Each structure stands twice: as structure tokens, then as C-alpha cells.
Amino acid sequence: MRSALAIHPGALGDVLLVIPALRALRADGARLTLAAQPHIAALIAALDEADVAHDFDALRLDALFAGGGEARLPPAERVVCWFGSRDPDFVRRLSALVPNALVAPSTSNDRDVWEHLRASVGGAADRRATTVSADLAARGRAALVAAGVECLQRVVIVHPGAGSPAKCWPVDAFAGVLDGLDDVAIVVHEGPADAEPAARLLSRVPSAHRLHQPDLLTLAGALTCCAAYVGNDSGVSHLASSIGVRSLVLFTEANRRWRPWSTTARIVPVDMGDAHADIKRVREVLEAMLK
């Protein structure tokens, strides 16, 4: 069996944008190893978008920058590395170690990032939603029930955080969109860095439930149980989109190149400086998604 190694040490959203490229690498039946942050690589493997999860740090690629020591790459006939492309010494040393290795930039200035990543390896653009197993869905449903959601309720999961404050739509605007939303249970997801916006949104929407720092596998299962998702430009939004959830994702125009590849994502450009002007439009998109 042919083998391939894909390397991307980025954050959750960055690696989820690689999925169409990973599918292209596996298209000829190659066994694919993904080297990434351990919890992210494990998620991608659990979603069956890679065969083997590998810890990026265990590759020891820092040795290729310094020129001392040895990198430790698992055996692979094809290596694609979205890391280190700006350093010619790194590229030269990796190419000496793996003669046909491709070292490519992780972003592009002239096309969507996911399309750039997919184009760097060639192949067709497969934009089908990824599959969440029944076990993960049950795990996610149990987490929602533990958060106070009734079994038969339709759920809207909201993620008010993001990796940068510049990507965060104001909490008051989220509350305005959710105000008076009927016949759904609103669940506010709180990740490790989201305590403040999550607490503020929960105070503004007292009926909402709090999903507190689930691991990524549980979060994927919970997301697959929801009727709709609303969030900022974040890794959680990319996860919701990737698994086929009807996702309303709020982007600034400057960051649209990082939009999800999934066709179930609805990208709504918003003005972070005048958020209240967009509340009515975002609410209308959400209501249409819930019909």
C-alpha cells in the first residue's frame, strides 16, 4: 500500500482547512499519516480523514532549521509539508532527507486558503461533509443532556469566542440575534480561552445552556446533534462546517480567504465596528436556516 505524510502544525481551523487536500492525498488509496498538534491530529483521524495521527513535535523538524541533529519522519513515499517554506535551509534539508518532499506555504494571497492547500497537492476538490461516528454523536448528545438540554429539543450551538479579539463579534450583537428565538435550546460553547465572552452571553441570554470546555471529539459529537450553529471566524466554526452542520459563520471582509470549504457553511460578512447594523440580517439568516 502506498503511504503519504502530511505535516501541518497550525491551529484547529487551519488544519481543518486541509481536509480537501488530505482527501486528494488519499484518493489513490494511500495510507495517510497526519502530523499536527496531538489533539488536532487525533480529531482528524477520528473523523476518518487520516489513517494515522502523529505528534508534530515528535518529527523534530526544528533540527532542519538549526542544521544539527536529525529529524524523525515516519516512513512515507510522499511527504507534503505546510510548514517552513519561507526558510530555504529548511526546504533544502527536508528535500535532502525526502527527495520528493513538497514544502508549500500554508496560505495564499490570491485564493481561498483551503483551495490553495488542495491545489498544492493536486486532485479534485472533494467538499463533502466529513463523517461523525455514531459513538461520537452519542458522546456529544450525552454532553448536551448533561448541560441541561432535553433529549427532543432542537439545539442551536453558539460560539462567541475566537482566537483573536479582532475576530469576535460583540456579545451584545449575539444576544440581539438570539433574543426571542423560539422552539430551540440555545447552547453556548465555552472553550479554554472563551470564559469572558461565554459568561457575558450567558448573562444576556439566561435561558441558554453552557457547554463547558468539551474535548474536541465530544464537541464534534455535540455539533452533529444541533439544528444550526452560529459563531465567529474560529476553529469551532470550521469544525461545525466540516462535519456538515448548517453553520452561520461571521467573517470580516479582510478574512474571507479563511472561510470554510464546506458547502453547508453560510458566510455572513459583518462590521466589527458597527455590529448592531448587522443584527437583523444575521437573525434573518439564522431563522431561514432553522426552517
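Colleague: With which residues is Met272 in contact, leaving aside its neighbours within four places in sequence?

Modeller: In this predicted model, Met272 belongs to the loop between strand 11 (265-269) and helix 12 (279-290). Leaving aside neighbours within four places in sequence, the residues in contact with Met272 are Ala166, Lys167, Cys168, Trp169, Pro170 and Thr252.

Colleague: Is Met272 buried, partly exposed or exposed?

Modeller: A buried residue has under 20% relative accessible area, and an exposed one has over 50%. The relative accessible area of Met272 is 22%, so the residue is partly exposed.

Colleague: How far apart in space are Met272 and Val149, C-alpha to C-alpha?

Modeller: In sequence, 123 residues separate Met272 and Val149. In space, their C-alpha to C-alpha separation is 31 Å.

Colleague: Which strands stand at the edges of the open sheet of five strands?

Modeller: The order of this sheet is 3-2-1-4-5, with parallel pairing. Each edge strand has a single partner strand, so one side of each is left without a neighbour in the sheet. The edge strands are strand 3 (52-55) and strand 5 (102-103).

Colleague: Which residue in strand 4 is the bridge partner of Ala4?

Modeller: Strand 1 (residues 3-7) pairs with strand 4 (residues 78-81) in the parallel sense, over four bridges. The partner of Ala4 in strand 4 is Arg78.

Colleague: At about what angle does helix 2 run to strand 2?

Modeller: Helix 2 (residues 19-26) lies across strand 1, strand 2 (31-36) and strand 4. Its angle to strand 2 is about 150°.

Definitions and conventions:
Residues are numbered from 1 along each chain as its sequence is written. This is a predicted model: local features need pLDDT of at least 70, side-chain atom pairs count only at pLDDT 80 or more; totals for chains, interfaces and linings use all residues. Side-chain values use heavy atoms; hydrogens and water are left out. Two strands pair if DSSP finds at least two bridges between them. Helices (H or I, at least four residues) and strands (E, at least two) are DSSP runs, numbered from the N terminus. Contact means heavy atoms within 4.5 Å. Axes are lines fitted to C-alpha atoms, for helices over the stretch in contact, and angles run from 0 to 180 degrees between N-to-C directions. Buried means under 20% relative accessible area, exposed over 50%, partly exposed in between (1.4 Å probe, protein chains only).
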